[in-house]
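Reader: I am new to this structure and would like a close look at a single part of it. Please take me through the place where two of the chains meet, and go slowly.

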Amino acid sequence: MNPVNYLYLAALLFTIGATGVLIRRNAIVVFMCVELMLNACNLAFVAFSRMHGNLDGQIIAFFTMVVAAAEVVVGLAIIVSLFRTRHSASVDDASLMKL
Amino acid sequence: MTQQLELAAYSTSTGEAFQFWVLGTVAVIGALCTVFMKKAVHSALCLAGTMIVLAVFYLTNGAYFLGIVQIVVYTGAIMMLFLFVVMLVGVTAADSLKETIKGQRWLALLCGLGFGILLVGGIGNASLKEFNGLGQANANGNVEGLAALIFTKYVYAFELTGALLITAAVGAMVLTHKERTERARTQRELAEQRVREGKQVPPLPAPGVYARHNAVDIAGLLPDGTPSDLTVSKTLRERGQIRDVSAEAINDLKALEQRSAERLERTPIEPANLKRAEEASK
Amino acid sequence: MENLIALLVAAPLLGAAVLLCGGRRLDAVGHWIGTVLAAVSFVIGIVLFADMLGKGPEERTLTQHLFTWIPVGDFQAEIGFQLDQLSMTFVLLISGVGSLIHLYSVGYMEHDERRRRFFGYLNLFLAAMLLLVLADNYLLLYVGWEGVGLASYLLIGFWQHKPSAATAAKKAFLVNRVGDMGLSIAIMLMFTTFGTFAFGPVLASTGDASEGMLTAIGLMLLLAACGKSAQVPLQSWLGDAMEGPTPVSALIHAATMVTAGVYLIVRSADIFNASPDAQLVTTVVGAVTLLFGAIVGCAKDDIKKALAGSTMSQIGYMVLAAGLGPIGYVFAIMHLVTHGFFKAGLFLGAGSVMHGMNDEVDMRKYGGLRKYMPITFVTFGLGYLAIIGFPGLSGFFSKDKIIEAAFAKGGTEGWILGSVALLGAAITAYYMTRVMLMTFFGEERWRNQPTASPDEPSAEPAAEHHGAHAEPHPHESPKVMTIPMIVLAVGSVFAGGFFSIGNRFEHWLEPVTGYKHGNPPVSALTVTLSTMVVLVIGAGIAYAQYGRRPVPVVAPRGSLLTRAARRDLLQDDFNHVVLVRGGEHLTRSLVYVDHTLVDGVVNGTAASVGGLSGRLRRLQNGYARSYAVSMFGGAAILIAATLLMRGV
């Protein structure tokens with residue numbers, strides 16, 4: 001098997017995640033889809049790391065995880081406070097910016 | 001000849017190929033379920049499955065440390081955080097997958113499709129000729145290798161991510177923290193207020209006692225047979241998660257009467273009585 | 001010695017600064033400060049002249065570099081002076097005649113409460129004019145050129161309370177701007193062609209430039225000269241400029257400033273020498289103007305305007321001579337100097353007459369004044385004889401040389417130019433005799449004639465002092481006015497002879513302008529004799545018309561030509577119809593284009609942008625997911641672009 005297949009898998013997962021972000025209204029699910037995209041990227045990094053024979057790709061994936069963790073913490077806090085004020089977790093309800 | 005050599009260099013063991021195809025399929029299915037499951041809880045579980053598969057892939061690719069971190073931190077911590085929030089927002093609330101923004105779904109699918117094709121095309125056309133493997137890099141152990149990099153080359157980035165995490169933690173606290181603007185009233189004060197208003201002086205009634213469900217979400221019945229919302233907690237009331245089982249007993253009774261009537265060949269009871277019972281159940 | 005050159009300019013400039021900034025406390029002595037500083041300039045000029053005479057003809061050029069004005073890369077604007085024989089001639093003329101006219105103005109402007117300011121302007125003019133002739137590069141010359149334009153504007157409009165004076169000043173300024181544009185374009189062309197605009201390098205390297213470029217530069221310089229020297233087609237301002245006080249007319253609009261164009265052409269001799277086309281145009285302009293001015297001068301009843309026409313005509317002679325090339329440059333300058341003497345004298349005489357006649361300018365209301373103002377009569381008469389070219393006087397030598405040179409041009413061209421110059425001499429004799437007869441001879445038509453009729457407001461505020469509607473009492477002017485007139489009359493008589501004996505002037509200027517003796521197709525004696533003949537004919541006709549018959553006080557209707565000449569040969573009408581109306585129509589059509597086309601495009605653009613925005617606005621629906629689609633699509637497009645750029 002060609003290890004490039006890992007990249008194809010990463011691309012596929014990333015696309016699925018992106019599409020999910022676009023079509024789901026529940027903010028939590030949208031967030032999960034974002035996580036899915038991040039994980040797809042991490043897979044690609046790890047695969048690259050293996051191809052190039054050095055650990056830099058893994059380091060980047062590691063940092064991605066850290067940043068993702070921070071992002072999840074803040075993002076979920078936002079969702080909670082949003083739900084608290086609007087009694088809804090739908091991203092479409094937060095549409096006051098339109099004209 | 002060279003072709004064969006290249007192929008040899010590119011290919012991996014059959015076991016890994018088998019693992020890739022099986023687990024890859026699982027991962028894609030998990031991802032799709034994440035997107036298309038109606039309930040957020042199911043989505044979260046599917047995502048956790050996908051992440052575990054990815055952790056296995058990390059391990060396969062020589063990223064032992066990341067594989068473990070993926071399971072412990074991502075699947076273990078982050079996904080649990082998700083689940084907590086899902087609980088907070090409402091486990092059973094199912095989203096409607098019906099699109100409300102005109103054209104959004106088609107545009108999203110179009111973009112996704114185009115994006116995927118472009119990515120796949122880009123990877124297919126990339127000149128990924130070298131395939132070195134991590135044997136040399138992991139010679140002293142994967143964790144030691146990563147540590148050597150993190151604490152030398154990437155030390156500034158590492159420190160910065162530490163600052164980022166602290167900031168995120170403080171940010172989350174600030175966002176979710178609700179400052180009290182007035183002193184919380186004591187139980188005595190609350191009791192006095194209830195007496196003064198003369199409204200619901202005794203404790204609130206208990207919820208339904210049919211031991212057939214998670215009884216907290218079932219309203220208790222008043223003496224005339226109607227359910228009372230007061231018996232269910234305010235959170236469930238606001239979420240609209242009160243289950244009404246008042247008709248079930250009557251329906252069960254009716255079915256029992258029906259069966260005994262068939263057995264004993266009696267005439268059915270008066271329709272008027274039945275109607276009254278139905279109205280009461282509403 | 002060369003360090004004195006800057007003082008020539010500095011002295012009157014200091015005077016202008018002191019007088020204009022000094023305020024009213026200088027009112028009592030201001031006119032003497034101005035006069036003394038003008039005289040200082042003249043004395044320095046004399047010292048430099050004496051020094052110059054002591055050197056060999058080729059070593060007489062002095063230069064003084066003060067500082068670099070604008071150093072920008074290749075563009076180095078220097079403040080530097082160059083004093084050679086040509087500049088020297090001008091310096092002496094300007095500061096000499098200027099000093100005399102300052103002196104005259106002390107008397108003439110005695111009753112004007114703004115006399116200090118007047119002297120400040122006069123000093124400013126002197127400084128600018130000296131800067132013009134002393135500059136060693138075209139840019140500094142341009143500074144002086146604009147400076148005299150400013151001084152001219154200020155002095156024409158000195159009596160700014162009169163609408164006619166204010167209008168005349170504006171007219172002079174605007175018409176001069178057209179010429180100034182020519183000079184600035186010429187300087188720009190020089191800079192692009194030669195990379196410099198200093199006289200030396202530019203004139204030395206004319207061989208490097210194409211003839212077309214030299215012709216362009218020459219024509220632009222000629223345009224500048226036309227504006228400043230009131231040559232056709234930019235002549236219309238000079239007649240109106242007579243609204244200024246008479247000393248101004250004498251100094252600026254007769255003796256010095258209007259000759260700046262001739263100076264410019266002679267200074268740029270090498271450029272014109274290298275471009276026969278530019279020379280031809282120059283001669284044509286000169287010939288047309290000399291006839292034009294002479295005809296206008298014949299019809300005017302206003303003594304100053306008649307003299308203004310004459311000035312135009314005489315400068316036409318100079319420009320004609322300058323256009324002839326090396327055979328004419330010297331005579332152009334010679335005529336310029338002699339003209340400076342006799343025309344300044346004539347104007348001062350006219351001013352003296354007006355001074356004694358309650359500022360009446362209409363010659364039909366003069367007559368028989370020779371008894372009342374004998375000194376004015378004699379000096380004016382000598383100036384008259386000089387300008388018509390009476391044998392032995394200045395004008396005879398200089399004008400005769402120009403006519404000879406015109407014939408010497410050769411071919412049909414020479415014959416035509418010579419004939420025109422000859423015809424001009426006849427007309428000059430006619431109109432100057434007419435002025436002379438109407439003013440000083442004949443019956444005393446001013447009796448029982450209240451001057452300064454109400455519909456023509458008094459020319460000068462001094463009139464109020466005399467009483468506006470009383471019968472005039474002609475009297476001789478004070479000494480402070482007559483002395484300059486006498487000095488100028490002496491110059492008018494002897495200057496020409498002094499210059500011509502032994503061809504002194506030719507030898508003097510030859511190192512600067514070059515000189516080639518031109519041989520007319522007929523002998524010089526024939527030319528001189530025919531000049532005498534036309535002179536007698538012209539004067540005789542004038543005598544027959546104005547000497548033997550009484551002059552009507554109200555001007556007769558006259559022939560078509562006379563009526564046209566009274567209106568300056570319709571120059572203003574021409575300007576009005578062609579330029580003003582044309583401009584109006586152009587403006588209107590531009591406004592139309594602006595309203596329909598430009599505004600249409602602008603408004604259409606705005607409307608289409610607005611419409612597009614209205615549609616784009618719908619994309620801003622506030623849904624984060626819609627925005628996310630846009631971002632995602634954009635990312636996809638970016639990836640596609642990247643892949644395409646890499647040649648996938």
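Author: Contact here means heavy atoms within 4.5 Å, and the model is a predicted one. By that rule, 68 residues of chain A are in contact with 87 residues of chain B. Between them, chain A and chain B bury about 7,000 Å², with 75% of that area on carbon and sulfur atoms. Of the area that chain A buries against chain B, 11% is supplied by Met1(A), Met32(A) and Arg50(A), which is more than any other three residues give.

The side of chain A that touches chain B draws at least two residues from each of α1 (4-23), α2 (27-52) and α3 (56-86) of chain A, and its largest share, 23 residues, comes from α3(A). Sorted by class, the side of chain A that touches chain B holds 46 nonpolar, 15 polar and seven charged residues.

Chain A also meets chain C, where 13 residues of chain A are in contact with nine residues of chain C. The area buried between chain A and chain C is about 1,000 Å², and carbon and sulfur atoms give 66% of it; between chain A and chain C the count of salt bridges is zero.

Terms used
Residues numbered from 1 in each chain as written. Chains lettered and ligands numbered in written order. Predicted model: local features only at pLDDT ≥ 70, side-chain atom pairs only at ≥ 80, totals over all residues. Heavy atoms only, no water. Buried area = accessible area lost by both parts, 1.4 Å probe. Helix = DSSP H or I, 4+ residues; strand = E, 2+ residues; numbered from the N terminus. Nonpolar A, V, L, I, M, F, W, Y, C, P; charged D, E, K, R; others polar. Salt bridge = Lys/Arg side-chain N within 4 Å of Asp/Glu carboxyl O.
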